[in-house]
Amino acid sequence: MPDDERLLDELAAALRADAGPHAEPDPQRLAAFRRAVAARNAEAASTAAPASPPAPPAPAPRRRRRLAAPAWLTRPRLTVGTALAAAALAIGSALAVVALDDGGDATPAGVVEYAGAIRLPDGADAGSLEIREIGIGRTVDLRTDALPLLPRGDYYEVWFVGPGDRPGRPNRISAGTFHPDRAGRSNVQLKAAVDPALYPTVEITAEPGDGNPAATGPEVMRAEVG
Amino acid sequence: MPSNDARHDDPHLRALVQRARAGDQAAWELLYRHAYPRLLAYARRRLPGDASPEDAVLETMTRALEKIDRFRWRDGGFDAWLFGILRLVVLEHQRADRRARPVAELPERAAPAGDEPAEQALRAERHGLLRRAFARLSDSDRELLELRVVGELSAEEVATVVGRRAGAVRMAQTRALDRLRAKLRESEHA
């Protein structure tokens, strides 16, 4: 409709008027991106070459030093420093033997980074948690019977929490949401592109079904995984 | 609004993407520069206040680099694909910090030079009214219109970004513009 097109044009002019400058990426970020491209090329070259098979995961280690993965899978905060580190990590990982998978089918094994208890706020064991590094990020396996059923619409949410997280200035990444089944069992597997070394606490909160994606509900379980 | 069909079918862009797939560093840099102003403008409007739009664009391009093998020329094309990635980056930040940056916080900028002062003043006043009315729309209305006018995406491209059908996007756009007119009338009579 002509009126709609005219209003869109007018709105475009109004919004662009406060869009600010910066028609070009700044040199520092451009350099970081170039390094990322170089890292990707190095990784592609190493993937094309024959490689020895990945080592099998150790039997349920409590914690295992994580293998280097493509750093952009695990970027926590968007800073130039992180981007530079990401590129450097990716270059370093180019020759590492990691079973990486860029598709939806994760390798079934992966590398166990944490296998242990998850606890109630009072410290009591409440179930088990396992975190594996797979090619696309991490799988989070949670098994607990200690979470009560929630009112319809509410849900539990699993978070990777980083240093300095606090209300108003959160530093956390959601790994997903779930409900217990009718028997009260919560045996769930979630996936998240997050690095436990950077977000070392797994926290479960009970969230109201209010459409607010931020963490607003009480913490009900926690594990230190990083 | 500019037509984006040409951009979608632009053989130069297709060639760049083809080179980028093969790992051509210069092609990636050109793609970064090609999309940068629009990605940045969108990120500036959508990100919470403490997040860096420049870093969000870098994040978007880095994810695109990782996922380029999965990109296919269909639906909205390469630009829509990039905006889809940026939208996810923005949503991740919004999930971490629900407080989206209010439009009113963006600095007011001077009207472009070249017009008579009276015309500039009139235009600035009209733009101010529009921005205030726009800021009172729902987030979904704002996002759709921002993808159209800030991202300069066609309705088909927006449909790809938000995962809806193009017809549904056009209908949603019409309704959003109707609501914008209503807010404008309220502002004018306030």
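At what angle do helix H4 (residues 53–67) of chain B and helix H5 (residues 77–96) of chain B pack, and how far apart are their axes? Select both helices in this predicted model: the angle is about 125 degrees, and the axes lie 9 Å apart. H4(B) and H5(B) are therefore oblique to each other, and their crossing is right-handed.

Next, display the side chains at this crossing. From H4(B), select Ala56(B), Glu59(B), Thr60(B), Met61(B), Arg63(B), Ala64(B) and Lys67(B). Their partners in H5(B) are Trp81(B), Leu82(B), Ile85(B), Leu86(B), Val89(B) and Glu92(B).

Turn now to the aromatic rings. Over all chains, the whole structure holds nine aromatic pairs. For one of them, select Phe33(A) and Trp28(B): the ring centres are 6.0 Å apart and the planes stand at 80 degrees, so the pair is edge-to-face. This pair crosses between chains, with Phe33(A) in helix H2 (residues 27–48) of chain A and Trp28(B) in helix H3 (residues 25–46) of chain B. Are these two residues, Phe33(A) and Trp28(B), buried or exposed? Both Phe33(A) and Trp28(B) are buried.

The last stops concern arginine residues placed over tryptophan rings. In chain A, select Arg172(A) and Trp159(A): Arg172(A) lies over the face of Trp159(A), at 5.2 Å from the ring centre. In chain B, select Arg14(B), which lies over the face of Trp73(B) at 4.3 Å from the ring centre.

Notes:
Residues numbered from 1 in each chain as written. Chains lettered and ligands numbered in written order. Predicted model: local features only at pLDDT ≥ 70, side-chain atom pairs only at ≥ 80, totals over all residues. Heavy atoms only, no water. Phe/Tyr/Trp six-rings, centres within 6.5 Å; stacked < 30°, edge-to-face > 60°. Helix = DSSP H or I, 4+ residues; strand = E, 2+ residues; numbered from the N terminus. Buried < 20%, exposed > 50% of the residue type's maximum accessible area, 1.4 Å probe, protein only. Lys NZ or Arg CZ within 6 Å of the ring centre and 35° of its normal. Axes fitted to C-alpha atoms, helices over the stretch in contact; angles between N-to-C directions. Parallel < 35°, antiparallel > 145°, perpendicular 65-115°, else oblique. Left-handed = near helix turned anticlockwise from the far one by under 90°. Contact = heavy atoms within 4.5 Å.
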